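Here is a short report for a reader meeting this structure for the first time. It takes up charged pairs, helices and backbone angles in turn.

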Amino acid sequence: MDLFLQFGHGMLDHCRHLITKWGEGTVILSPRDLKEEQLRKFSTELLKMNGKTLFDPQYYNPKANHKNLTQHVHWFEDFKTDMLSDINCIESQFKEIKSINDYSNTYAYIIPSVLCDNVDKIWIDIQDIFLEASARVFNDKDKYITIALKKEVLLDEFAIEKLVEISKDWAVDGFYIVPEGGYLIENTNWLANLAILVAGLKIQNKKVIIGYSNHQMLFLACSKADAIASGSFLNVRSFNAGKFNTSDEDSISRRSIWYYCPQALSEYRLRALDAAKKEGVLDDLKPYGTTNEYIKTLFSSTMPSTSGFNEKLAFRHYLSELKQQCKISTKGTFQDTLAHHQELLDNSLTFIQQLKKNHVRESGRSFENVIDYNYDALRILEREMGVLLKRKW
């Protein structure tokens, strides 16, 4: 499984740096956060860095009013609901999307979709219109259809079964899943249904990318996901359609700095690292293996809180470590992959509890709060899809 970069506010330099550092990588471009001129220039830069691009048209809410998004040529002007059922209107919009894909050097099209709050005839008909328009316009490279789901849909196992069934007739090369939820989901059904959806789509021999993800989604390697996409701020690590209606989250505010400890699957504030330093266990929080360049001073300073470890370094460290975790997340068989992720959960819990014995605690983004939900979701995935996944791995 790979890690893609989900573009968001303030990510230009992060993407440039990380793609250069990794020597490769895919960025999912965001019209909400990039103007047309930036899309042209940035995509050309990425291509020279051996990077790849995808473009997400972000039609989740066609009534969205974010000032940056609505300035793009592919956005609906004077939107009315009946436009979604007008094949000629959608075809015209898709021609604009094709133009953006052309100058953004994308390797495949992301066919947009509206956010689904019910897998009913209305939503299915819209998907069919979008698919028909994409067949007319997006015919020179692979295309991935968006499946954007409200949280309530992901809690409905029958809706997920219906989605898997109807998608078998869609003439696409893959799927771009955008699941509404939160940062670190405390709900077994949400996690299990997402995993079952991914597995059901993969069994069709199609590509599956899960957008707006974080480290909790590493377990989707057990569904044979091709990639998860993540970014810097939380609004690109989990999906909330509200971000397309307002730019409030772009305002500058004082934020905590979080350090991601991959073996704990948890993030710790600098005050927790200071406590670890005082207790003589700070080095235990280093990533296993080689320490990356972003955290050297964090572990060599007198105190982590005075080390100069800042938001920029924290983001780059997080994405670099998540990239490495993604690389080793898929094994040669379903059973080996499942065992790897169960062991990852077991080890993280043991690690977190050992730190707590040493008076190092962090409740804000501790994976301890969600481990049981992930573990139960894996159990359900094995029960419901294990036989098929073993056969198709």
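## Salt bridges within helices

A salt bridge is a side-chain nitrogen of Lys or Arg within 4 Å of a carboxyl oxygen of Asp or Glu. By that rule, E36 and R40 form one, because their closest N and O atoms are 3.1 Å apart. This is a predicted model. It holds 25 salt bridges. Side chains of opposite charge can pair when their charged atoms come close.

Where do E36 and R40 sit? Both belong to helix α2, residues 36-48. They are four residues apart, so about one helical turn separates them. An α-helix has 3.6 residues a turn, so residues three or four places apart point the same way. E36 is partly exposed, at 34% relative accessibility. R40 is partly exposed too, at 39%.

## A pair in α1

R16 and D13 also meet through their side chains, with 2.7 Å from N to O. They lie in helix α1, residues 12-22. Here the spacing is three residues, which again means about one helical turn. R16 is partly exposed, with a relative accessibility of 23%. D13 is partly exposed as well, at 48%.

Helix α4 covers residues 121-137. It has 17 residues. From first C-alpha to last it reaches 24 Å, close to the 24 Å expected at 1.5 Å a residue.

A salt bridge joins R136 to E132, with the closest N and O atoms 2.8 Å apart. The two are four residues apart in α4, about one turn of the helix. R136 has a relative accessible area of 38%, so it counts as partly exposed. E132 is partly exposed at 36%.

## The buried residues of α4

Other residues of α4 are buried. Among them are W123, I124, I126, F130, L131 and V137. Q127 and S134 are on the buried list as well. What do the buried residues pack against? Their partners are two helices, α3 (87-103) and α6 (157-167), and two strands, β4 (108-111) and β5 (142-149).

## Two helices side by side

Two packed helices are described by the angle between their axes and the distance between the axes. Helix α11 spans residues 334-357, and helix α12 spans residues 371-392. Their axes are 11 Å apart and meet at an angle of about 175°. Is the pair roughly parallel or roughly antiparallel? Angles over 145 degrees count as roughly antiparallel, so α11 is roughly antiparallel to α12.

On the α11 side, the contact includes F334, L338, H341, L345 and L349. On the α12 side, it includes I371, Y375, L378, L381 and L389. The residues of this contact divide into nine nonpolar, six polar and three charged.

Most residues other than glycine have a negative phi, and most peptide bonds are trans. Q58 has a positive phi of about 60°, although it is not a glycine. D78 is not a glycine either, and its phi is positive at about 55°.

Q58 is found in the loop between β3 (51-55) and α3. D78 lies in the loop between β3 and α3 too. Are they buried or exposed? Q58 is buried, with a relative accessible area of 1%. D78 counts as exposed, at 59% relative accessibility.

Terms used
Residues are numbered from 1 along each chain as its sequence is written. This is a predicted model: local features need pLDDT of at least 70, side-chain atom pairs count only at pLDDT 80 or more; totals for chains, interfaces and linings use all residues. Side-chain values use heavy atoms; hydrogens and water are left out. Buried means under 20% relative accessible area, exposed over 50%, partly exposed in between (1.4 Å probe, protein chains only). Axes are lines fitted to C-alpha atoms, for helices over the stretch in contact, and angles run from 0 to 180 degrees between N-to-C directions. Angles under 35 degrees count as roughly parallel, over 145 as roughly antiparallel, 65 to 115 as roughly perpendicular and the rest as oblique. Contact means heavy atoms within 4.5 Å. Ala, Val, Leu, Ile, Met, Phe, Trp, Tyr, Cys and Pro count as nonpolar, Asp, Glu, Lys and Arg as charged, and the others, Gly among them, as polar. The expected span of a helix is 1.5 Å times one less than its number of residues.
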